[in-house]
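Here is a short briefing on how the parts of one protein model touch. Read it with the structure open.

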Protein chains: 2
Amino acid sequence: MARSKVYVASVGLTKVGDQWGKSLLDLAVEAARGAMKGAPRVKPQQVIVGNMFSAVGASQEHLGALVASALGLAGTPAFKVESACSSGGSAFHVAYSLVGAGALDSALVVGVEKMRDLEPEEVSEALAMAESAEYTQFVGATFAALNGLLARYYMEQYDVSRDELSAIPVIDHANAVAAEHAQFRRAITPEVVNRSAMVADPLRLFDCAPVGDGSAAVLLVGEAAASGAKGRLAEVLGGRVATGEFSVYERDDMLDFAATREAFKGAMAQAGLSPKKLRFAEIHDAFSVVGALALEAMGFSKRGRGAKDASDGMYRAGSELPINTFGGLKARGHPVGATGVYQVAEAYLQVTGQAGKNQVPGADYGVAHNIGGVDTTSVVHVLGRGA
Amino acid sequence: MARSKVYVASVGLTKVGDQWGKSLLDLAVEAARGAMKGAPRVKPQQVIVGNMFSAVGASQEHLGALVASALGLAGTPAFKVESACSSGGSAFHVAYSLVGAGALDSALVVGVEKMRDLEPEEVSEALAMAESAEYTQFVGATFAALNGLLARYYMEQYDVSRDELSAIPVIDHANAVAAEHAQFRRAITPEVVNRSAMVADPLRLFDCAPVGDGSAAVLLVGEAAASGAKGRLAEVLGGRVATGEFSVYERDDMLDFAATREAFKGAMAQAGLSPKKLRFAEIHDAFSVVGALALEAMGFSKRGRGAKDASDGMYRAGSELPINTFGGLKARGHPVGATGVYQVAEAYLQVTGQAGKNQVPGADYGVAHNIGGVDTTSVVHVLGRGA
């Protein structure tokens, strides 16, 4: 399909967390200006905003034109892309597809979410919109509750212990210590997870990604515009979006993340890359169990081994395939519609050698994996060191 | 840019209006199935949903995967595109761009909105999200209020009478009489507009598009998939999205719809077509004044003449350039995120000669024009009779 190579030319990130003093638009503009400053000669031909629930979080829609106009880019085509917690990944994918196909030579993708202005129960209601209003919401199942049931089933089915389930959050927190944009920069132990408050049995507070505000932006360029980019380039080697049967309880095998499997397979095939070549993976671990199942669906761990492998030392910094090198959803934070763009931006920093204290040595290739719902939409992109 | 010709192969429409018995998803599925039935051998490679405020209207996000899964298309990439009232047009534009660039060979675009489950003041709040939360909403300006101010200015500036302003709603209602999917199928006179309740001085009830539920779907195909389409094809000859300075009061000339001007110019240039070739136009007239300014921005009327020309008999059925051939936003209805897809579907029916009693004779070329905000985002597509 690709008629043009596609590069990430620059990125911009705000800190994730409590951003009481900044509006949704302030955050988006801060991240976008950061990305544009990194490639001042590139004028974005399109602005695509990834966001899930600005309507309930900030009484604001029409983010595409709002952000474009605030950036002085009035005139430029702009719109918002939404696919629940994978909105950022989907927004990036639309831009990647358009640049790759030659329809555009440059595009600015801005992921943004403002969650902290909402009360906790409002956040629960907003996140539940990733699931069916007529069924899942109707019976009162929150998003955490669904994932709690999944975690219970996973632990029973594969004899996964509490400490094993805690391994991915522990890795995330360890990686976030040096990550300046991360929400929680404090290392934890499995005991901390065990002692934390119960959210949805067996999931405890530290199994769950936190609520935070944040925005990430990436500037994509095709081959023609790449010459005007002054910074280091990361090439987007492949990408794929896949959907699954909508709700997890509709599936024959609830522990098989089929959408992630398909998206990963498709993205790697497009990249023409063996998974062995990957040196890091930014995975979507909104809940510890989700991270484990994602690692299994992508084939890094065998079925039932995701949490166990993490507990055995795989996936931590210095291992063969470190995950969530800036803290992942649990510790970098999960401003939902922005998360997929944070992941791509972090992958850019890794493959271009700009990850500072979080740098993975020899990070030639890496993958960014973003989920909406309980693996209902899965978005995978493969990045490599640019030419 | 275009590497493949792009065709609309089939369309599906629900009636616009009170759809108390059907959910948001029911409506989307009904329209989508209608479109898919028209081209049973075409499997959509992507599902793109245009919608503005399902979050507040139906407590539902993640519409892409929700609709794809309900259609039996789980696996297929899917997401939602939003740009306020031009969400449907933007969703169509993304699909058109991807098929035209050769990234996809087929795509299903579904516009859907459920407005009638909301109380009137909730609808006002939802529509106001098209405007800035920090400025326009903060000072309490509703969307109707902004357009009322614009209408007053327009009437003062160009000496436009009340009856002249009523001309476009009158045309819309006349055209909707024979349109089965239209919300209000009753002809009106300027007196009816004059007698109707004041909404935002000088705009009265019949100056304003009604609140309604509805869904429209179109199936797009590239050259390869076109051979599998059994029905008549309409070719999408050109399309463009443009944005303007975000809020109307930020602009040097508030009566110049610059985004519409740019989008129309760009779409016609891509189509390589003189505006004289157009035989009909589906224009965005959420308010009578908006329709008038749109006709001026596209150059069909001179500055200040949009409403006057309509009053003089231009634009009505049987004229050289009939507008809103199935009733437009005022009478077909304006389920906001769906409207842009209704317009394209109606243009398809016209150029393929399937418009029944609403058929424009010799409708070889037509244009669909969709606005988000007060001409903040403008989306124009040109359709022609397929090969």
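**Two domains, two chains**

Chain A is divided into domain 1 (6–118 + 212–234) and domain 2 (127–209 + 238–382). The model is predicted.

**Between the domains of chain A**

- The C-alpha centres of domain 1 and domain 2 of chain A are 23 Å apart.
- Together, domain 1 and domain 2 of chain A bury about 2900 Å² between them. Of that area, 71% is on carbon and sulfur atoms.
- In domain 1 of chain A, the residues that lose the most area to domain 2 are A:V16, A:C85 and A:R232. These three account for 23% of what the domain 1 side buries.
- The count of salt bridges between domain 1 and domain 2 of chain A is zero.
- Polar contacts do cross this interface: 15 residue pairs, both at pLDDT 80 or more.

**Between chain A and chain B**

- Here 54 residues of chain A are in contact with 54 residues of chain B.
- Chain A and chain B bury about 4100 Å² between them. Carbon and sulfur atoms carry 57% of it.
- In chain A, A:H62, A:E82 and A:T243 lose the most area to chain B. Together they make up 16% of what the chain A side buries.
- How many salt bridges are there between chain A and chain B? The count is zero.
- Polar contacts between chain A and chain B number 28 residue pairs, both at pLDDT 80 or more.
- Five elements of chain A each supply at least two residues to the side that touches chain B: α2 (54–58), α3 (63–70), β3 (78–82), α4 (87–100) and β8 (234–243).
- The largest share of that side, five residues, comes from β3(A).
- The side of chain A that touches chain B has 26 nonpolar, 19 polar and nine charged residues.

**A strand pair across the chains**

- β3(A) is joined by three bridges to strand β3 (residues 78–82) of chain B.
- The two strands run antiparallel.
- A:V81 has B:V81 as its bridge partner in β3(B).

Note on methods. Residues are numbered from 1 along each chain as its sequence is written. Chains are lettered from A and ligands numbered from 1 in the order in which they are written. This is a predicted model: local features need pLDDT of at least 70, side-chain atom pairs count only at pLDDT 80 or more; totals for chains, interfaces and linings use all residues. Side-chain values use heavy atoms; hydrogens and water are left out. Contact means heavy atoms within 4.5 Å. Buried area is the accessible area (1.4 Å probe) that two parts lose on being put together, summed over both. A salt bridge is a side-chain nitrogen of Lys or Arg within 4 Å of a carboxyl oxygen of Asp or Glu. A polar contact is a pair of N or O atoms within 3.5 Å; within protein, one must be able to donate a hydrogen and the other to accept it, and residues adjacent in sequence count only if both atoms are side-chain atoms. Helices (H or I, at least four residues) and strands (E, at least two) are DSSP runs, numbered from the N terminus. Ala, Val, Leu, Ile, Met, Phe, Trp, Tyr, Cys and Pro count as nonpolar, Asp, Glu, Lys and Arg as charged, and the others, Gly among them, as polar. Two strands pair if DSSP finds at least two bridges between them. Domain bounds come from an automatic or database domain assignment.
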